[in-house]
Amino acid sequence: MKIRYFDHAATTPVREEVIKEMLPYFGVEYGNASTMYSLGRNAKKAMNKARRQVAEALNGEIREIYFTSCGSESDNLAIKGFAYANKEKGNHIITTKIEHHAVLDACKTLEKQGFEVTYLNVDANGKISLQELAQAIKKNTILISIMFANNEIGTIEPIEEIGKIAKQKHIVFHTDAVQAIGNAKIDVKKLNIDMLSLSGHKFYAPKGVGALYVRKGIDFEKLQDGGEQESNKRAGTENIAEIVGLGKAIELIYHEFEEYNQKNKELRDYYFEQMQKRIPNIKINGDLQDRLSGNASVSFEGINGSELLFELDKQGICASAGSACSTANPTPSHVLTAIGLSSQLADSTLRISFGKSNTKEDVDFLVENIAKMINEKM
Ligand SMILES: *Cc1c(COP(=O)(O)O)cnc(C)c1O
């Protein structure tokens, strides 16, 4: 059966060019980057190239990039690492109710350790209020962590304005940009971003490699004891092959930025249009303008999301009910609840996320199947 993959917000396949770039580092170039002989120096050189590729994509500097094992680790390192290193300056952190669990749960852990956290509300489209943010700032606020774009509903937050507020108040600004890489132009200088998390597997690099941007001069504590890799901020022998893959993938996705996003947007808008034609009373979740090009989150009464996914899977269609991270979790999505959906409507939500392999014919097949299943139920 042909697989039609509409879950690029959950993960993406590794692209051919990236595999090709990585292969030598699994084989002949197996050196440890901490060693002095040429085999080790080759590994170090390859890693430095990847660091430059990431820095260039973000308009940061090479020494401001730290490689990690995933987006979740980057979020933990940024939030907990920063909080521990700066606790004498204050103990208050501001974040939002719609963050990924890597951010939310890092904040919950800090609360247990004596930090104070404000979780900002979002409006019906999933955007924070800048006024509420400004009002939440206190004398002891040390960190603002607000995601660049939401993984479930695709809403892009007003990052430039948040960066301005943070800068004005001398508060460090971290953003979880895992969903935004390749889907938004990111300039950490222009946007006043101090720390930024990203993850390879969301933009056609492998799973198990991520990076954290930290503006020079900002102190954070390492969370794992061991060697002095990554400027003594992240212990553990570096995953050279995957780091090489991440570097290549971020360069490629920004190289083809316009066409990649234009195509995803066309597919998404076509999908919305067809869905509206075929299914009565659908609700599109998330902001219609400030939105990831490939995200299509839709709710409809009458059918349970996981039931629908199960039926779609029988047709070779991969999609998501809320976010992949919470499919084992029966409680309704915290993001959909935060934008005001009833738990029933939240449970009747389908997230489609488009990417490189999708075609218009795939969308026709998708809509045809959704319409058939929903209309049969009603
Ligand atoms: C996927 C994702 C993460 C986690 O990244 P991993 O590499 O899977 O740990 C964090 N934040 C957001 C917004 C994500 O979409």
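Author: Happy to. Keep in mind that this is a predicted model. Let's begin with a helix pair: α10 (residues 305-314) packs on α13 (residues 360-377) at an angle of about 130 degrees, and their axes are 10 Å apart.

Reader: What makes α10 and α13 oblique to each other?

Author: Roughly perpendicular stops at 115 degrees and roughly antiparallel starts over 145. The angle here is about 130 degrees, so α10 and α13 come out as oblique. As for handedness, α10 passes α13 in a right-handed crossing.

Reader: Which residues make that contact?

Author: From α10 you have E307, L308, E311 and L312, and from α13 N369, I370, M373 and K377. Sorted by class, that is four nonpolar, one polar and three charged residues.

Reader: What meets what between α9 and α13?

Author: On the α9 side there are L267, Y270, Y271, Q274, M275 and R278, and they meet K360, V363, D364, L366, V367, E368, I370, A371 and N375 of α13. By class, the contact has nine nonpolar, two polar and four charged residues.

Reader: How do you know that the length of α9 agrees with what a helix should span?

Author: α9 (residues 257-278) has 22 residues, which at 1.5 Å a residue should span 32 Å; its end C-alpha atoms are 32 Å apart, so the two agree.

Reader: What about the span of α13?

Author: The 18 residues of α13 should span 26 Å at 1.5 Å a residue, and its end C-alpha atoms are 26 Å apart, so that agrees too. For α2 (residues 38-58), 21 residues reach 30 Å from first C-alpha to last, close to the 30 Å expected.

Reader: Which residues of these helices are buried, and what do they pack against?

Author: The cut-off for buried is under 20% relative accessible area. In α9 the buried residues include F257, Y260, N261, N264, L267 and R268, along with Y270, Y271, F272, Q274 and M275. They pack against α8 (240-255), β9 (283-285), β10 (295-299), β12 (349-353) and α13.

In α13, the buried residues are D362, V363, L366, V367, N369, I370, A371, M373 and I374. Their packing partners are β1 (4-5), α9, α10, β11 (317-318) and β12.

In α2, buried residues include G40, A43, A46, M47, A50 and R51. The buried residues of α2 pack against β2 (65-68), β7, β8, α7 and α8.

Reader: Why are Y204 and E230 called buried?

Author: Again the limit is under 20%. Y204 has 2% relative accessibility, so it counts as buried. E230 is at 7%, so it counts as buried as well.

Reader: Why is K233 called buried?

Author: K233 has 18% relative accessibility, and with the limit at 20% it therefore counts as buried. The residue is in the loop between α7 (229-232) and α8. Leaving aside its neighbours within four places in sequence, K233 is in contact with Y66, L77, D219, F220 and K222.

Reader: How far is I19 from Y204?

Author: They are 185 residues apart along the chain, and their C-alpha atoms are separated by 9.8 Å.

Methods. Residues are numbered from 1 along each chain as its sequence is written. This is a predicted model: local features need pLDDT of at least 70, side-chain atom pairs count only at pLDDT 80 or more; totals for chains, interfaces and linings use all residues. Side-chain values use heavy atoms; hydrogens and water are left out. Axes are lines fitted to C-alpha atoms, for helices over the stretch in contact, and angles run from 0 to 180 degrees between N-to-C directions. Helices (H or I, at least four residues) and strands (E, at least two) are DSSP runs, numbered from the N terminus. Angles under 35 degrees count as roughly parallel, over 145 as roughly antiparallel, 65 to 115 as roughly perpendicular and the rest as oblique. A crossing is left-handed if the near helix is turned anticlockwise from the far one by less than a right angle, and right-handed if clockwise. Contact means heavy atoms within 4.5 Å. Ala, Val, Leu, Ile, Met, Phe, Trp, Tyr, Cys and Pro count as nonpolar, Asp, Glu, Lys and Arg as charged, and the others, Gly among them, as polar. The expected span of a helix is 1.5 Å times one less than its number of residues. Buried means under 20% relative accessible area, exposed over 50%, partly exposed in between (1.4 Å probe, protein chains only).
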